[in-house]
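Hello,

Here is the structure I said I would pass on. My notes on it follow below.

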Amino acid sequence: MKNVLFVALLFCQPASAQRLKKADKEIIENLRSEITFLANDKLEGRRTGTAGEKLAYEYLSTQFKNLLLSPKGDNDTYIQTFEINEGKEVLPSTSLSINGTALSLNDEYFPFIFSANGSVKANASPALLEKGSPWFFDIKEIVEKNKDNPHFGLVNAIKEKARSFAKKGATAVIVYNSAGKSDDLRFEGREQVETIGIPVLFCTSITSKIYLDDATDNINLSCTVHIADKKRQGHNVIGYLDNGAAQTIIIGAHYDHLGYGEDHNSLWTGEKQIHNGADDNASGTASIIELARMLKKSKLRHNNYLFICFSGEELGLYGSKYFIDNPTVNISSVNYMMNADMIGRLNNSTHSLTIGGFGSSPAWSKVVKGKTKYLNITFDSSGIGPSDHTSFYLKNIPVLFFFTGTHEDYHKPTDDVEKLNLTGELLVIKYIYNIIEETDGLNKIAFSKTREPKMASAHFTVSLGIMPDYTFSGKGVRADGIIDCKIAQRAGIKAGDVIIKLGEYSFSDIYSYMDVLSKFKKGDSTKVTVLRDNDEKTFDIVF
């Protein structure tokens, strides 16, 4: 906490003429209290669909209730519940026993994502592949044969071989490696693939060593595979300040974060830890509460105000997408949407605030200041970006996105309250409030398209495993972070590399990059071209 005070004092040094008023000090203390609660370990990282998310949305509901905002969620509550489909999961009813011994799911075996559901009981020989019985597939030879082949995809090879076995009469396929070198295989529930019609399971090196290596006698086998859709519920928190106006301004921020990193969106490489997400995005969430408090007290009455704390953002904008498809106010009355995501780490040297969506309305150039005494503003014209405003822009609603920048603690357990600049966040909040004030007497803000929203139509099933730098303004896509054990890391791509080409396809920005990704599918081999310190490098990859 001392660090926060020290940062605040540092920030105030060059702004000594701006003595904090009593109201400003109250906002800072409110921010400190709100963010401290949201980023506390007891919320376990506010992962969508968890007990920690529940503690967060109950807290936010109470804040809205205390501010006398009207509930605009489901059934006259502040909560809007939505469902997240996370792909597939293996149910506990899945089982495998060999010669009467039940094996442990995940530790000793698992089904592949392309496996069909079903049960098989039989005596079968690994040496004799008989029609109408389970077949055994030792992948030792194909692994060894392709060990130096960068274009080889093991899972895809297993799937195609199992498919051919099914056509020849196999009732199930038990995959193993007698060389014991394939335990990095796992059930990949997020992959979108068709099943091949029969159960297909992988036995780990421990299992194969005990039961399958050099086995010549019949093996008594019993297996059941039960794979189902994996779903969980998220919860938006919605409060409404009704001024009886014809139009409504939506002010939002996502409150969910990464939990312990279970969804594989963390950049942390150490031991499993809670990701408290103080900046991402307890900072933006707290700003919504404070803006609601300020607008409740204000004389600004030409708009109604809908305050939304979204969940599911870290998983892919689930909460905002659900709201825009299931609005609790008349969407045609929405004037514009403002989104605050990571506004708690204003740099004391640059005072830089990035505002996205600047091109989504011609009005923004008239009411949004490019520089203030204490803030240096950088504009991004696009209405599409890495946060919830995108969902609104794609419905032809003008947007603004406020962001003080990435930092070394982004998507790591080290994103804690002590590192925030609360005085800096106060200045951002006042800047946002000033925009709202400037638009109070205007007619409804006009919408304009900024660039073709290719992201909305590009359906891609593969990724490199990078965290893109959405603030990068050069040609290509800069890797802000590299996700462990994914394609980019295995290929040798590093954080800071600027990716400019996939195969024969070049791209200029994140949106054309997403469009190019849609041209590839799992198992495709290609080359990735990057710029590293102005030197061009090429890497071979297999999706």
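Helix α3 (residues 51-66) packs against helix α7 (residues 278-297), with the axes 10 Å apart and at an angle of about 10°. Helices here are DSSP runs of H or I with at least four residues, strands are E runs of at least two, and both are numbered from the N terminus. Axes are lines fitted to C-alpha atoms, for helices over the stretch in contact, and angles run from 0 to 180 degrees between N-to-C directions. Angles under 35 degrees count as roughly parallel, so α3 and α7 are roughly parallel to each other. From α3, Leu-60, Gln-63 and Phe-64 make the contact (heavy atoms within 4.5 Å), and from α7, Thr-285, Ile-288, Ile-289 and Arg-293.

This is a predicted model: local features need pLDDT of at least 70, side-chain atom pairs count only at pLDDT 80 or more, and totals for chains, interfaces and linings use all residues. Residues are numbered from 1 along each chain as its sequence is written, and side-chain values use heavy atoms, without hydrogens and water.

The largest nonpolar core has 65 residues, and Phe-307, Phe-402 and Ile-436 touch the most other members. Such a core is a set of buried Ala, Val, Leu, Ile, Met, Phe, Trp, Tyr and Cys residues joined through side-chain atoms within 4.5 Å; buried means under 20% relative accessible area (1.4 Å probe, protein chains only). Helix α11 (residues 422-438) gives the largest share of this core, ten residues. Beyond its neighbours within four places in sequence, Phe-402 is in contact with residues including Met-338, Leu-353 and Tyr-431.

Regards

Key
Buried < 20%, exposed > 50% of the residue type's maximum accessible area, 1.4 Å probe, protein only. Parallel < 35°, antiparallel > 145°, perpendicular 65-115°, else oblique.
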